[in-house]
Each structure stands twice: as structure tokens, then as C-alpha cells.
Amino acid sequence: MTLLLQLKKFNGWCLFSPVYRFTAIFSSRLVAGYRKLTGAVKVEWNNRGFSTFHALFAAFTSLYLLILSDLFKDGSQEKLVVNRSSAFSNSVLSFSTGYFLTDLAFVIWNFPALGGLEYVLHHGLSLFSIIQSLLIGQAQIYILMVLFTESTTPFVNLRWYLDTAGLKSSKLYIWNGIALFFGWLVARIFLFIFLFTHMWTHFDEVKQVVPLGFYSLLAVPSVLAVMNLFWFWKIAKGMVKTISKAKHSK
């Protein structure tokens with residue numbers, strides 16, 4: 001089991017190189033001005049390509065496991081909901097482990113160009129929670145809920161791409177900002193409210209998680225929720241500023 005887990009994590013790590021290279025080749029051929037970017041900016045540009053790839057994978061697979069599959073549906077299994085997992089859910093979490101390990105290494109290696117301490121904290125907490133859930137085989141329903149919040153990452157990355165390409169005044173930038181605002185509101189604010197509500201209503205089951213996992217369930221989502229609220233405030237300010245600028249420029 002340990003060897004299998006390591007191999008799955010390695011798959012997530014190995015996919016970084018081809019996706020990173022594809023982003024570089026695609027951008028150099030189709031994005032005007034890419035070749036004029038500095039080396040450091042190109043690194044972040046390409047890294048965000050892999051970030052977007054993982055975000056789409058994480059969002060769709062988490063949605064499938066949480067909503068479309070029978071894994072966590074009431075009455076589908078005799079197991080407590082906090083003890084449920086499958087080969088597919090293990091693979092999803094293992095792949096995400098490989099992504100967060102890769103991205104964290106990139107962030108630290110290029111610190112602070114790719115992100116400050118908040119990114120290190122976010123990735124560190126994500127890694128700790130996912131690996132722990134895989135090892136103990138518990139609380140995967142909550143890990144997948146949090147993993148679904150990666151669905152906002154493509155909007156964040158597109159915003160950065162447009163800004164870097166000098167397209168902050170474009171309609172696409174404005175509409176992407178609005179989509180990011182509402183996407184963040186649903187995936188990182190409302191979803192966390194649902195997560196805490198679900199934990200409260202299933203608290204008898206949550207208490208069955210091993211002690212370290214139990215206290216992590218109380219602490220890690222709380223820290224991430226505070227970070228999400230802070231980032232949401234910044235996103236809201238940015239959206240209002242962008243829309244106001246667009247109105248005044250007409």
C-alpha cells in the first residue's frame with residue numbers, strides 16, 4: 001500500500017514536466033509577447049499552466065465523488081461517512097499530493113516570486129491534510145470538499161495572465177473578475193459554511209476519526225476559511241475598482 005501510494009504521488013510529480021513544457025510551447029506560438037517576458041515571469045507563466053491543469057482535474061473529480069458517485073450518499077454503505085474511501089478517491093488525493101509537493105517546491109525555490117508565506121501555509125496545510133487522510137483512510141469527504149475549492153484557480157490564473165499580457169482594460173479581464181468573485185463566493189465561502197454545518201450535524205461520526213485527524217479537521221479548515229475570507233475581501237475590492245475604472249473610461 002505504501003509503495004502504491006508513493007507511485008501515485010510520483011505520477012502527479014512527473015506530469016508537471018510535460019504540462020509545464022506544453023504551456024511554454026503553446027504560449028510561445030499563440031500568445032503575443034510571451035517571448036519578450038523575463039525568465040522569472042516565464043517560469044510563473046508556465047507554472048500556472050500546471051496549476052490550472054490540476055485545478056480542473058481536482059474540481060471535476062471532487063464534484064464527481066461528492067455528488068455524482070454513491071461513495072458518500074446516505075445509505076449507500078454501512079461504513080460511517082468519515083470512514084469511506086475508494087481506489088479512485090485515493091488516486092485523486094494521491095495525484096493532488098504530487099501537485100502540491102511540486103508547486104510548494106517551486107514556490108520555495110523561487111520565493112517570494114511565485115507567492116509569499118500565505119502560499120507556503122496554504123500548500124503546507126493542504127499537503128498535511130491530504131497525506132494524513134490517505135494514511136488513516138478517514139475524513140476523505142471533507143478533504144474532497146476543500147479540494148473542490150481549487151475550481152477558482154483557473155480564474156485566478158487567467159486574471160494573472162491577462163494582467164501580465166497588458167490586458168487589464170479588456171472586457172475579458174472584467175468578466176473574469178466578476179466570475180472569480182462569484183466563484184469564490186460559492187466555492188470558498190458558501191462551501192465552507194456547508195462543510196462546517198456537515199461536520200456539526202455528523203459530529204458523532206467526526207469524533208470517530210483518530211485524535212490527530214479529529215483536531216486537524218477542527219483546525220485546518222478554520223485557518224483556510226480565514227484565509228479565504230481575507231482573499232475574498234481583496235478580490236471584491238479589485239472587482240469594484242476594475243468596474244469603476246471601466247465605467248469612467250467610457
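User: What makes Glu 44 and Arg 48 a salt bridge?

Analyst: Happy to walk through it, bearing in mind that this is a predicted model. The closest N and O atoms of Glu 44 and Arg 48 are 2.9 Å apart. The cut-off asks for a side-chain nitrogen of Lys or Arg within 4 Å of a carboxyl oxygen of Asp or Glu, so the pair qualifies. The two residues are 4 apart in helix H3, which means that about one helical turn separates them.

User: Why are Glu 44 and Arg 48 called buried?

Analyst: Buried means under 20% relative accessible area. Glu 44 has 11%, so it counts as buried. Arg 48 has 13% and therefore counts as buried too.

User: How many salt bridges are there by this rule?

Analyst: The count comes to 3. Besides Glu 44 with Arg 48, Lys 73 meets Asp 70 at 3.4 Å, N to O, and Lys 207 pairs with Asp 204 at 3.8 Å. Both of those distances are within 4 Å, so these pairs pass as well.

User: Why is Asp 204 called exposed, and why is Lys 207 called partly exposed?

Analyst: Exposed means over 50% relative accessible area. Asp 204 has 61%, so it is exposed. Lys 207 has 45%, which lies between 20% and 50%, so it is partly exposed. Lys 73, with 36%, is also partly exposed by this reasoning.

User: How do you know that the length of helix H5 agrees with what its 20 residues should span?

Analyst: At 1.5 Å a residue, H5 (residues 117-136) should span 28 Å; its end C-alpha atoms are 28 Å apart, so the two values agree. After H5 comes Gly 137, with a positive phi near 70°.

User: Why is Ile 130 called buried?

Analyst: Its relative accessible area is 4%, and the cut-off is under 20%, so Ile 130 is buried. Ile 130 belongs to helix H5, where the buried residues also include His 122, Leu 125 and Ser 129. Ile 130 and Ser 96 are 34 residues apart in sequence, with 8.1 Å from C-alpha to C-alpha.

User: What makes the largest cavity a cavity, and how much space lies in it?

Analyst: A cavity is a set of points where a 1.4 Å probe fits but cannot get out. The search finds 2 cavities of 30 Å³ or more, and about 280 Å³ of space lies in the largest. Its lining has 26 residues; nearest the centre are Ser 129, Ile 143, Val 146, Val 220 and Leu 224. H5 supplies the largest share of that lining, 8 residues.

User: Which residues lie closest to the centre of the largest pocket?

Analyst: A pocket, by contrast, is an open set of points. The largest pocket holds about 1,200 Å³ of space. Closest to its centre are Tyr 119, Val 156, Arg 159, Trp 160 and Leu 180, among 42 lining residues. H10 gives the most to this lining, with 12 residues.

Key. Residues are numbered from 1 along each chain as its sequence is written. This is a predicted model: local features need pLDDT of at least 70, side-chain atom pairs count only at pLDDT 80 or more; totals for chains, interfaces and linings use all residues. Side-chain values use heavy atoms; hydrogens and water are left out. The expected span of a helix is 1.5 Å times one less than its number of residues. Buried means under 20% relative accessible area, exposed over 50%, partly exposed in between (1.4 Å probe, protein chains only). On a 1 Å grid over the protein atoms alone, a cavity is a set of points where a 1.4 Å probe fits but cannot get out, and a pocket is an open set with protein on both sides within 12 Å along at least five of seven lines; lining residues have an atom within 4 Å of a point. Grid points are joined across faces, edges and corners, and a volume is the space filled by probe spheres set on the points.
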